[in-house]
Amino acid sequence: MSADDPAYRLFEQRFGARRRARMAETMLTAATAVLLFLVAAVWTDFSPEKIYEGLPRIGQYFGKLLSIEPLAGADPVPVLAFGHVFGGVKEPQSIAYWFYRIDVYGTLLWQTVQMAIIATVMGFTAAFVLCFPATGTLMPLRVLVFFLRRLLEILRTVPQVVLAFIFVWPFGIGPLAGILAIGIHTTGALGKLFLELNENADLRAVEGIKSVGGSWLAQIRYGVVPQVLPGFLSYALLRFEINVRSSTIMGFVGAGGIGMELKRVIGFNIYEEVSAICILILLVVVILDLTSERIRHRFIGQFA
Amino acid sequence: MTPAEIAAQRLRTPWAFGLNRRTLAIRWGIGLLAVVYLIYLHWLFEFGKVFSGLERLWVIVRLMVDWTGFAGWDHAELLQSMLETVAMAYLGSMLALLISFPLGFLGARNIIPARVFRFFARRMFDGMRGLDQLIWALVFVRAVGLGPIAGILAICVADTGVLSKLFAEAIENTDRKQVEGITSTGASFIGALRFGVLPQVLPVMISQTLYQIESNSREATILGLVGAGGIGLRLSERIQINAWDQVAYVIVLILITVALIDNLSRALRLRLIGIPSHR
């Protein structure tokens, strides 16, 4: 086949046309993205000068987070120094000096994790109860399915911090408002995932139980639950990891946990305590993530 | 069937006759522990307060649904803040995309074989991801002052952690054959990346970025609560003065915006890579 073969020419022509069309489309998408970026930047005052002005300040601030003043008014020094790392509480630049309020943080972190646990349990229970009547394949009552789905949607779309902020009014300042807020959000999020699992469940088991005269509850209990429970638990553990993160910020609106202390030390510019708390939060989050991942892989292999 | 036969069968298949004592004891033990733990939590968090608070919550809910003053609310300000929130989410996510694109390659095993380097890159991603966006926002408000810039930076940092990790994993999961084919034609390292790796990971990257824009526009609505710009600031003002009707209105605005963005992103994803939903 030579270059002036009509078939070859036709191929070249069509290939070229297609390629140009693809290129034009890509360029158009990219141009739209850039244009939107510029519009958004103008809208939010995100100008290059402001970035240029702000960057050194960010650097300074993060530098301050990792330095201490051993005596009031003295020059700041790094939080840790090689010779002092394992010194006592009274010795500046040691770990013990940096984390000297570890007992307070520890109590609050314990509270934070407990908040996440109880909220996950609450959300799991509520989602478990709501997800079966909200599944179209299991519930013949269309109205109920529609209503419950919208309810779950609303529960998971209202931001949980906003809910917590509202709940602080009726339930008082403290972890209770945070727990209820996270619990409600968890109900919505897990409910949606659960009902998707239910929809994919094999209906033959349900029909079998129906045929021997099992009630609706029996059909769910023996036909669906054994199929979906491992998936439910896996999702619940994943949600628990997310909830631990959420409960660390609940304190910003007065809803309990380590967030209250973090907000206080940031507000009063107690720099070295800000970094200490952030490091502890990170540690807890990472440890719990790893543990929960282990559990998921070990017990619920195929779903994790 | 004689009792002897039954006993023999029980020996052969004990599990068919119900759980044995040990398993039962362990299950009851776990159940009991769970109950004790829940009672402890009940005491720790004073759950009794829920019932005394319900009455006050009911008052708030009743005030929330009363929209008689609707015409007098500052709609222009609220809509402007809502748009600002979406703009923050978009800017933050796009900046994060720009930063994590190279970082993702640097964190992938098949691109950078140096283990020490990769270890630190991965730990850095974990650190950025592990702290909630709101914590970053609070820190950035202190560093650069009140306003949307603090929010954009917070979104950008938290998102860079997420996207870099996902990109690195996507790059590690690419098929080597395509890269080898390109290399065998004499292409440079960059050429192999461009035509061997990039076509394989681009759909994942687009999908993840769209998902992040979606989820960030949800998250951005609360950044204002700590002063980092957007609708959250208006919301927090209204909660503090107990203007519950307007609080409900702002929440409805948020719900509508989030739904719009979800649908838009679904349509875009379908158009760009042909997959309607995330994962």
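# A tour of chains A and B

Select A:Ile117, which sits in helix H4 (residues 102-131) of chain A. Helices here are DSSP runs of H or I with at least four residues, strands are runs of E with at least two, and both are numbered from the N terminus. This is a predicted model, in which local features need pLDDT of at least 70, side-chain atom pairs count only at pLDDT 80 or more, and totals for chains, interfaces and linings use all residues. Residues are numbered from 1 along each chain as its sequence is written, while chains are lettered from A and ligands numbered from 1 in the order in which they are written.

Stay on A:Ile117. Is this residue buried or partly exposed? A:Ile117 is partly exposed, because 18 other C-beta atoms lie within 10 Å. A residue counts as buried with 20 or more other C-beta atoms within 10 Å of its own, as exposed with 12 or fewer, and as partly exposed in between, with C-beta atoms placed from the backbone.

**Chain A as a whole**

Colour chain A by secondary structure to find 11 helices and two strands. From the N terminus on, the order is α-α-β-β-α-α-α-α-α-α-α-α-α. The C-alpha atoms fill a box of roughly 80 × 75 × 40 Å along the principal axes. The radius of gyration of chain A is 28 Å, whereas a compact globule of 304 residues would have one near 19 Å. That radius is taken over C-alpha atoms, and the globule rule is 2.2 Å times the number of residues to the power 0.38. Of the 304 residues in chain A, 36% are buried.

**Two loops**

Go to A:Asp45, in the loop between helix H1 (6-43) and helix H2 (48-65) of chain A. Its phi is positive, about 60 degrees, although A:Asp45 is not a glycine. Most residues other than glycine have a negative phi. A:Asp45 is partly exposed, with 13 other C-beta atoms within 10 Å.

Next select B:Glu46, in the loop between helix H2 (21-45) and helix H3 (49-64) of chain B. B:Glu46 is another residue other than glycine with a positive phi, near 50 degrees. B:Glu46 is partly exposed, with 13 other C-beta atoms within 10 Å.

**Chain B and a helix pair**

Chain B has 11 helices and zero strands. Its C-alpha atoms fill a box of roughly 85 × 75 × 35 Å along the principal axes, and 38% of its 279 residues count as buried.

Select residues 75-106 (H4) and 231-240 (H10) of chain B: the axes of these helices come within 7 Å and cross at roughly 135 degrees. Axes are lines fitted to C-alpha atoms, for helices over the stretch in contact, and angles run from 0 to 180 degrees between N-to-C directions. That angle makes H4(B) oblique to H10(B), since angles under 35 degrees count as roughly parallel, over 145 as roughly antiparallel, 65 to 115 as roughly perpendicular and the rest as oblique.

Show the side chains of B:Glu77, B:Leu78, B:Ser81, B:Met82 and B:Thr85 in H4(B), which meet B:Ile231, B:Leu233 and B:Arg234 in H10(B). A contact means C-beta atoms, placed from the backbone, within 7 Å.

**Where the chains touch**

Finally, show both chains: 45 residues from chain B and 42 residues from chain A take part in the contact.

Conventions: Two residues are in contact if their C-beta atoms, placed from the backbone, lie within 7 Å.
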